[in-house]
Amino acid sequence: VASNLAVTHLQGAGRRGESLLESAKQIPSRLEAHVAEQVNAGASAVADDMNTTLLAARIKGDSLEAVWAGDSKLLIGRSGKIQYETPADSITDQMV
């Protein structure tokens, strides 16, 4: 559920005229609102803590906009070699 809500929200960023970063910052409050709606509707089993990992990227012209959270990672390669890698955002990545 959390992943679906996050993806749907990020997909609408362009239509709303937002950057991916602006849109991604709204996801926690969207997830909290969803949980509140479920509780108010009388749902018997609602996750208290909905979390998701994500990576979203958008290419516009010759620029790349990307956001990531959790253990998702973006690698950019050219000529078979990694040119850029997003920083580790999880304990597992930092340990490897």
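Trainee: Is Glu85 buried, partly exposed or exposed?

Mentor: Glu85 counts as partly exposed, at 39% relative accessibility. Buried means under 20% relative accessible area, exposed means over 50%, and partly exposed is in between, with a 1.4 Å probe and protein chains only. This is a predicted model, where local features need pLDDT of at least 70, side-chain atom pairs count only at pLDDT 80 or more, and totals for chains, interfaces and linings use all residues. Residues are numbered from 1 along each chain as its sequence is written, and side-chain values use heavy atoms, with hydrogens and water left out.

Trainee: Which residue does Glu85 form a salt bridge with?

Mentor: Lys73, with the closest N and O atoms 2.8 Å apart. A salt bridge here is a side-chain nitrogen of Lys or Arg within 4 Å of a carboxyl oxygen of Asp or Glu. Lys73 is partly exposed too, at 33% relative accessibility.

Trainee: Why would such side chains pair at all?

Mentor: Side chains of opposite charge can pair when their charged atoms come close.

Trainee: How many salt bridges does the count come to?

Mentor: The count comes to 3. One of them joins Glu65 and Arg58, at 2.7 Å between the closest N and O atoms. Glu65 is partly exposed at 24%, and Arg58 is partly exposed at 26%. Another joins Glu18 and Arg16, at 3.0 Å from N to O. Here Glu18 is buried, with a relative accessible area of 15%, whereas Arg16 is partly exposed at 36%.

Trainee: New topic. What does His9 touch, leaving out residues up to four places away in sequence?

Mentor: Arg16, Ser23, Gln26, Ile27 and Arg30. Touching means a contact, that is, heavy atoms within 4.5 Å. His9 sits in helix α1, residues 2-11, and is buried, at 6% relative accessible area.

Trainee: And the whole chain: how many helices and strands?

Mentor: There are 5 helices and 4 strands, in the order α-α-α-α-β-β-β-β-α from the N terminus. Helices (H or I, at least four residues) and strands (E, at least two) are DSSP runs, numbered from the N terminus.

Trainee: How do β1 and β2 pair?

Mentor: β1 (residues 54-60) and β2 (residues 63-69) pair in the antiparallel sense over 7 bridges. Two strands pair if DSSP finds at least two bridges between them. Ala57 stands opposite Ala66 in β2. The hairpin has 2 residues between its strands, and Gly61 takes a positive phi near 65 degrees there.
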